[in-house]
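Dear colleague,

Please find below the structure that I am handing over to you.

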Amino acid sequence: MNIQNRLKLTRVALIIVWSISFFCFVMTLMTGMQSPHAGPNSFVWLQSLGIFTLLLGIGSGLFYGRWRFRGLQNQIADQSKKIKRCKERYRVLVESAEDFIFTVDRSGRFRSLNSFTAAFFGGVPSQFIGRPLSDLFSHEVAGKQLKLIKSVFQFGKSMRHEFMIVSGEYQIWLGANFMPRKDEKGNVISVLCIARDITESKKLENQLINTEKLASMGTLAAGVAHEINNPLGIILGFTDLLLEKCEKNSQSYQDLKTIERQGLHCKAVVENLLRFARHGEDIYEYCDINKPIRSIMEVVKHSLDMNNIELRLSLAPDLPEVKGNLRQMQQVILNLVNNAAAAMKNEGVLWISSALDANNEKVVVIIRDNGHGIQPEYMDKIFDPFFTTKSEGEGTGLGLSITHGIISKYDGTISCESNTANSGNNPRGTTFKITLRIRD
Ligand SMILES: Nc1ncnc2c1ncn2[C@@H]1O[C@H](COP(=O)(O)OP(=O)(O)OP(=O)(O)O)[C@@H](O)[C@H]1O
Ligand SMILES: [Mg+2]
């Protein structure tokens with residue numbers, strides 16, 4: 001039986017006791033008044049019964065009061081224990097969350113924050129209470145947050161926002177939700193912010209956008225390549241005709257040969273573009289990755305020498321074949337080597353290695369230079385089509401996006417790490433790591 005039912009039952013019992021005692025008391029008085037001739041014994045008996053029941057009523061009333069008070073006391077103790085447990089559970093939840101959780105007032109000063117947030121900024125929660133957002137976040141981020149907080153105070157509605165913070169060398173994207181905390185009257189008293197690291201999903205999102213950009217670029221390239229292919233065929237055809245008419249040792253013959261060579265080179269480029277645009281057609285091709293590396297090295301060796309760039313090759317022998325078209329892999333290596341050479345200007349070391357990964361499941365190719373490196377703020381953009389830091393005429397910004405497209409087409413991965421002169425003690429330079437799938 002719960003406490004409410006017990007109270008009800010006790011109340012009914014008390015009313016019955018009180019009614020009986022009151023009835024007996026009234027009866028004694030009435031009997032005393034109406035029957036002055038009744039025997040003294042019956043009067044005394046009735047009077048005693050009345051007094052007894054009256055006392056019983058008063059006693060039970062006092063007992064009930066005391067019992068009820070105790071019950072209420074227990075109830076309050078129970079409820080406070082429950083509230084304490086609840087509070088503790090929420091505290092543990094908030095404290096163990098690897099999310100940024102904090103509340104701020106209207107002026108953007110911290111009212112509370114969890115240990116994760118405080119630890120991230122190198123302190124303990126009590127250190128930051130009362131301090132403004134701009135103490136922890138950059139001016140730009142804090143300004144944006146303050147605007148949102150003001151809107152939440154004004155409209156009393158939650159708001160979402162994404163912002164980037166820099167921690168050492170890393171850039172972290174946070175997805176934040178700003179929610180109003182209201183009092184009983186519905187007035188906003190503070191804003192609760194829960195922010196989560198969304199760097200990975202942001203990267204995926206960017207990759208998806210790049211893939212889309214590449215797809216549309218592929219379509220564009222295919223159109224252009226198709227248009228160029230026909231006149232190119234005609235140029236080569238007529239060159240062939242003229243070659244037949246010329247003396248082999250004549251100057252004209254040599255000139256026509258140059259036209260033919262360049263024309264064939266254009267044809268190869270156009271074919272490459274068309275192949276790139278036709279996604280998925282040649283994904284079942286395989287090659288020994290050392291072959292395109294060696295052939296590209298043959299081509300660029302001279303220009304590396306001229307630029308005082310030392311080449312250090314470390315190619316594992318007898319590597320299994322990897323998924324990828326040989327010519328496209330040449331293009332990948334050439335793009336990365338060209339970028340490395342451009343970053344080293346007139347001096348440096350270029351390391352190229354190939355090896356099996358630790359699980360013997362993939363082939364890993366590493367191309368590393370000790371050039372000027374990539375600024376951290378550009379790291380997210382280097383695979384974007386048309387992103388370049390080179391001046392006009394020096395680069396189109398397509399090299400890495402095409403490289404990324406080719407590697408992804410063959411289920412491989414490409415990643416980049418880079419240090420500039422401002423990256424602390426880390427050696428300056430850029431490393432591209434490619435993993436390629438082995439033929440089953
Ligand atoms: N090894 C590297 N060292 C330093 N910066 C690099 C390196 N590789 C790429 N980058 C940076 O990434 C940008 C994009 O490279 P990407 O190859 O896509 O285009 P690009 O070299 O500028 O032009 P393109 O290759 O089309 O001629 C470069 O402009 C450069 O800023
Ligand atoms: Mg390039």
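Strands β7 and β9 pair in the parallel sense, over seven bridges. Here strands (E, at least two residues) and helices (H or I, at least four residues) are DSSP runs numbered from the N terminus, and two strands count as paired if DSSP finds at least two bridges between them. Within this pair, Leu-313 has Ile-352 of β9 as its bridge partner. The model is a predicted one, in which local features need pLDDT of at least 70 and side-chain atom pairs count only at pLDDT 80 or more, while totals for chains, interfaces and linings use all residues. Residues are numbered from 1 along each chain as its sequence is written, and chains are lettered from A and ligands numbered from 1 in the order in which they are written.

On its other pairing, β9 joins β10 in the antiparallel sense, again through seven bridges, and Ile-352 stands opposite Ile-367 in β10. The hairpin of β9 and β10 has five residues between the strands, and Asn-360 takes a positive phi near 55 degrees there. Most residues other than glycine have a negative phi. Asn-360 counts as exposed because 9 other C-beta atoms lie within 10 Å; the classes are buried at 20 or more other C-beta atoms within 10 Å, exposed at 12 or fewer and partly exposed in between, with C-beta atoms placed from the backbone.

A second residue of this kind is Lys-345, which is not a glycine and has a positive phi of about 50 degrees. Lys-345 lies in the loop between α9 and β9 (348-356), and it is classed as exposed because it has 12 C-beta neighbours inside 10 Å.

Leu-315 belongs to strand β7 (residues 309-315). It counts as partly exposed because it has 17 C-beta neighbours inside 10 Å. Leaving aside residues up to four places away in sequence, Leu-315 touches Asn-290, Ile-293, Ser-353 and Ser-354.

Helix α8 also meets α9. The axes of α8 and α9 come within 9 Å and cross at roughly 35 degrees. The residues in this contact include Ile-293, Ile-296 and Leu-304 in α8, and Ile-333, Leu-334 and Val-337 in α9. By class, the contact of α8 with α9 comprises eleven nonpolar residues, two polar and one charged. Nonpolar means Ala, Val, Leu, Ile, Met, Phe, Trp, Tyr, Cys and Pro, charged means Asp, Glu, Lys and Arg, and the others, Gly among them, are polar.

Helix α9 is also found at the ligand site. Of the 21 residues around ligand 1, Ala-343, Thr-388, Gly-395, Gly-399 and Leu-400 come nearest; a residue is near a molecule if its C-beta atom, placed from the backbone, lies within 6 Å of it. Helices α9 (326-344) and α10 (399-409) each supply at least two residues of this shell, and α9 gives the most, with four. The shell divides into seven nonpolar, twelve polar and two charged residues.

There is also another open sheet of five strands, in the order β2-β1-β5-β4-β3, with antiparallel pairing. Its edge strands are β2 (110-113) and β3 (159-167), each pairing on one side only. Neighbouring strands of this sheet are turned by 25 degrees against each other on average, direction ignored. Helix α5 (residues 139-155) packs on the sheet and touches β1, β3, β4 (170-182) and β5, and its direction makes about 160 degrees with that of β3. Strands β1 (residues 100-104) and β5 (residues 188-197) run antiparallel and are joined by five bridges, and Ile-101 has Ile-194 in β5 as its bridge partner.

Yours sincerely

Conventions
Axes fitted to C-alpha atoms, helices over the stretch in contact; angles between N-to-C directions. Contact = placed C-beta atoms within 7 Å.
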